[in-house]
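Here are some brief notes for a colleague opening this structure for the first time. Please read them with the model on screen.

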Amino acid sequence: MPSIDSPPTAVGCPIPSNTPHAVSVTLPSWAANVAYEEGENWVASKMSSGYPRFFVHHRIQALSDEIESSYGREGEKSLIFPSYATACRCRDFIKRYSTLQPCPVRIVQLSTPKPSEGQDDGSSIQAHIAVVFFPQSEYSVARKYWQHTGEGVSSRLGEYFLEHWGDNNPHNGGGNGANTSSGKGSYKDFHRRSSQSPVLEGLSENSNSNADSNKEQSTFVEERFGRNLDLSFAPAAKLALRRRIAGKITESGTSASRHGNFEELSEDDVYLYATGMTSIYSAHRAVLEALGDGKKKSVCFGFPYTDTLKILEKWGPGVHFYGNGEQPDLAALEKLLEDGEQIVALFCEFPSNPLLKSPDLVNIRRLADKYNFAVVVDETVGNFVNIHVLPYSDIVVSSLTKVFSGESNVMGGSLVLNPRGKHFKALKDTLGRQYEDNFWAEDAIYLERNSRDFAKRNEKININTEAVTELLRQSPIIKDLFYPKYVSTKEYYDTCRVDGGGYGGLFSIVFHNPQHAKNFFDRMVMAKGPSLGTNFTLSCPYTIIAHYLELDFVEKFGVDRHLVRISVGLEETEELLERFRKGLEACVE
């Protein structure tokens, strides 16, 4: 079990400690979080790590520096993407939102050398990237695309490319290995990986995931960690991941028999992405193409994670935002639809982050069938071991970075289509055109290994979190505790909760006295930084770190500016409870 005796405490160091590709970063005090948001040097200068969509990893930055030296023009900056298509989308975003009209943006495509003949250790494959160059003044615009969509290159791909570019780097005397485009361009000369990955013998692409959901664990070849990671295992790792997800959702449907067991769901209905936010962005792109007419807006139902709303606002015709996500909002939405407004899709979280509210999916599904729109559910916080939301959804998206991985050392996301859904064929055909496999090989191998025991870990996290929240509910200094078991929307969560499923590992608290929130956060012994679903308990002053520039706005929807969000881990239950008791005592000292 993880220990909470000595979590990292130095500002800016990775969480977990000594992890080169850590997902979280230490911001150990309330003041440090505020300073980070305000860009104060005593924090900014020490950031050796960060959440990948908000922080450019030092190996990616080193690669950018190399590429800018080789191909950059005076006054240009760059961001790196895993494919030409993703780079084109970034280019279009910059051109749309740039203050420069017209804004010069170009794309350079690069490849590492092909593995030499006879190389059979699996440690080397050909990697490809696409680099977007733009005026330095537009860097903040480009970074918004990186943050909102999650489509930027992963740190492991950046590291691999930096180490293997070698002979193709003109600074090393090699060929330029590049194609350049400033317009729509052609991708014919760029050697892309196929989105249809080959698989190892015994792992058929067409096999049904329900034959034996554990089979992939026995047939998947054990990989090695380290610099000589066998990248030839990546296709099998991806297939194992897709089967694992489809299998667990099917198992959840079987245990929640009132919903139907979804035996027809297969790995072919599961799509992998490099980040959870990319899966949401891709779902939005898919529904706009498959079901949109250029005029139909989306609906964001309930208060969502910040970038979800930004995606719905910045791509497509716009969004109707129902930020409370409760019955009055549902009634208002039904009135809007009755009055003739057409929408393309409704996006919601189940439950929401950070208020842990659960939308009424039964009635949302009723409206969707009546008024012909898609339902996209982000079940990251609940996760598909605890809940079964597929019957009410057309698309289920999830961040695999969280409890599915648990290790906080790799990013990933998934998108699952409902094979019984009204829009299944249209969405399937659209994804057939849109989807490309940009999930880097090393990331897939790490995620496959991390996730083998995620159902067992989830069970322990459920137990720990219920114990901790029960303790905190008794404290007179706590004003509000947000957890699916205790909030007003519990009945809607329970509708989708599987037999034996719990209420997840995330909760939020608000103190009567804001100073108590600061004292609690500063003095609690636990890891402190962004992200959730980690194997260790992790906390952050969520509203400060996620909504610092819109505190008044988010408080209109019940998100207090002094809210503390806590993701519970695998520590021994009694040890964890004792830490929380001490944290409460420290509030009033």
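Predicted model: local features only at pLDDT ≥ 70, side-chain atom pairs only at ≥ 80, totals over all residues.

1. Helix H9 spans residues 276-291 and helix H10 spans residues 306-314. They pack at an angle of about 25°. H9 and H10 are therefore roughly parallel to each other. Their axes lie 10 Å apart. The crossing of the two is right-handed.

2. Which residues make the contact between H9 and H10? From H9 come Met277, Ile280, Tyr281 and His284. From H10 come Asp307, Thr308, Ile311 and Leu312. Sorted by class, this contact has 5 nonpolar, 2 polar and 1 charged residues.

3. Next, the largest pocket. It holds about 1,200 Å³ of space. Its lining is made up of 48 residues. Nearest the centre of the largest pocket lie Phe54, Gln147, Tyr305, Thr306 and Asp307.

4. Which elements give two or more residues to the lining of the largest pocket? They are helix H1 (30-38), helix H5 (139-149), H9, H10, strand S12 (395-399) and helix H18 (542-547). H5 gives the most, with 6 residues. By class, the lining divides into 22 nonpolar, 14 polar and 12 charged residues.

5. Turn to the backbone. Most peptide bonds are trans, and most residues other than glycine have a negative phi. The next points list exceptions.

6. The peptide bond from Gln101 to Pro102 is cis, with omega near 0°. Pro102 sits in the loop between helix H4 (84-97) and strand S4 (106-111).

7. A cis bond also runs from Asn353 to Pro354, where omega is near 20°. Look for Pro354 in the loop between strand S10 (343-349) and helix H12 (361-371).

8. Is phi of Asn372 positive or negative? The value is positive, near 65°, in a residue other than glycine. Asn372 is found in the loop that links H12 to strand S11 (374-378).

Definitions and conventions. Residues numbered from 1 in each chain as written. Heavy atoms only, no water. Axes fitted to C-alpha atoms, helices over the stretch in contact; angles between N-to-C directions. Helix = DSSP H or I, 4+ residues; strand = E, 2+ residues; numbered from the N terminus. Parallel < 35°, antiparallel > 145°, perpendicular 65-115°, else oblique. Left-handed = near helix turned anticlockwise from the far one by under 90°. Contact = heavy atoms within 4.5 Å. Nonpolar A, V, L, I, M, F, W, Y, C, P; charged D, E, K, R; others polar. 1 Å grid on protein atoms, 1.4 Å probe; cavity = no way out; pocket = protein on both sides within 12 Å on 5 of 7 lines; lining within 4 Å. Points joined across faces, edges and corners; volume = space filled by probe spheres on them.
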